[in-house]
Each structure stands twice: as structure tokens, then as C-alpha cells.
Amino acid sequence: MSAESAEPYRTPAELENFMLWETVLTQLEDNLESFLEGQSLTEQAREAAADWEPPAELGPLPEALITRARLLSKAQSRAYAQLRNESRTNRKQSMLIRSVPGPTSSAVYLEVDG
């Protein structure tokens, strides 16, 4: 259990919802952490997104977890921006590679003496 307290929830349903939200936030934080630590970001992101599903019985976000959820959302936004930047860099590198002429059957000479 995290630093957030489940004590303000007095009914079993409120406590169950709190615990469910804690599990969901922990899963999302773990997925984000593996994404940020992965060697192959694309593969890590694909695996994390494919394996995770929100529980169908998830109720409203408990007030005690709002700050944690907001921090997670901001961290996910930063990771998304990082992924977009890396994707943009990869596209530019691919364009550079495609701009290089391929091998030719004719001889190529380089004038070095002017």
C-alpha cells in the first residue's frame, strides 16, 4: 500500500474502490517505469499498452488518490512527448538514409587535387 490512507473510507464498497484504484495506479506507474527504462522503447510501449486493461468495476477516483493520479498523468504526458520526439528523429534519419544514392554500376571518381 502506498502513502495514501484508506482510513477515510468507512464502507466496504468505498474501501474496495480505493484498493482497486491503488492497484490500477500502481500498474500504470509500473508500465510507465518499464517504458522509461526499456532499451527498445517501441517494444516496451507496445507490450505495456497491449497487456493492460482497466477493471470494469472501477468506481470514481477516491479523493486521497487524486494527487497521485495527477502526477502519473503528467509523467505519462512527458513520456508521450519523449516518444513523439524519438519518432520524429527516427523519421528524419530514415529520410537521410533514403536520400543517399545507392550503388551504381558505373565508376565513381573523386577529384582531390582541384
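This is a predicted model: local features need pLDDT of at least 70, side-chain atom pairs count only at pLDDT 80 or more; totals for chains, interfaces and linings use all residues.
Q: What makes the link between the side chains of Arg-68 and Glu-29 a polar contact?
A: Their side chains come together at 2.9 Å. A polar contact is a pair of N or O atoms within 3.5 Å; within protein, one must be able to donate a hydrogen and the other to accept it, and residues adjacent in sequence count only if both atoms are side-chain atoms.

Q: How many helices and strands does the chain have?
A: Three helices and zero strands, running α-α-α from the N terminus on. Helices (H or I, at least four residues) and strands (E, at least two) are DSSP runs, numbered from the N terminus.

Q: Why is Arg-68 called buried?
A: Buried means under 20% relative accessible area, exposed over 50%, and partly exposed in between (1.4 Å probe, protein chains only). Arg-68 has 12%, so it is buried. Arg-68 belongs to helix 3, where Ala-69, Leu-72, Ala-75 and Ala-79 are buried too. The buried residues of helix 3 pack against helix 1 (12–37).

Q: What does Asn-31 count as?
A: Partly exposed, because its relative accessibility is 23%, which lies between the 20% and 50% cut-offs. You'll find Asn-31 in helix 1. Its C-alpha atom is separated by 9.8 Å from that of Gln-76, 45 residues apart along the chain.

Q: Why does Pro-62 count as buried?
A: At 6% relative accessibility, Pro-62 counts as buried, since the limit is under 20%. Pro-62 sits in the loop between helix 2 and helix 3. Leaving aside neighbours within four places in sequence, Pro-62 is in contact (heavy atoms within 4.5 Å) with Tyr-9, Asn-17, Phe-18 and Trp-21.

Q: How do you know that the length of helix 3 agrees with its number of residues?
A: The expected span of a helix is 1.5 Å times one less than its number of residues. With 34 residues, helix 3 should span 50 Å, and its end C-alpha atoms are 50 Å apart, which agrees. Helix 1 agrees too: its 26 residues should span 38 Å, and its end C-alpha atoms are 37 Å apart.

Q: Which residues touch the most other members of the largest nonpolar core?
A: Leu-25, Leu-32, Leu-65 and Leu-72 do, in a core of 13 residues. Helix 1 and helix 3 are the elements giving two or more residues to this core, and helix 1 gives the most, with seven. A nonpolar core is a set of buried Ala, Val, Leu, Ile, Met, Phe, Trp, Tyr and Cys residues joined through side-chain atoms within 4.5 Å.

Key: Residues are numbered from 1 along each chain as its sequence is written. Side-chain values use heavy atoms; hydrogens and water are left out.
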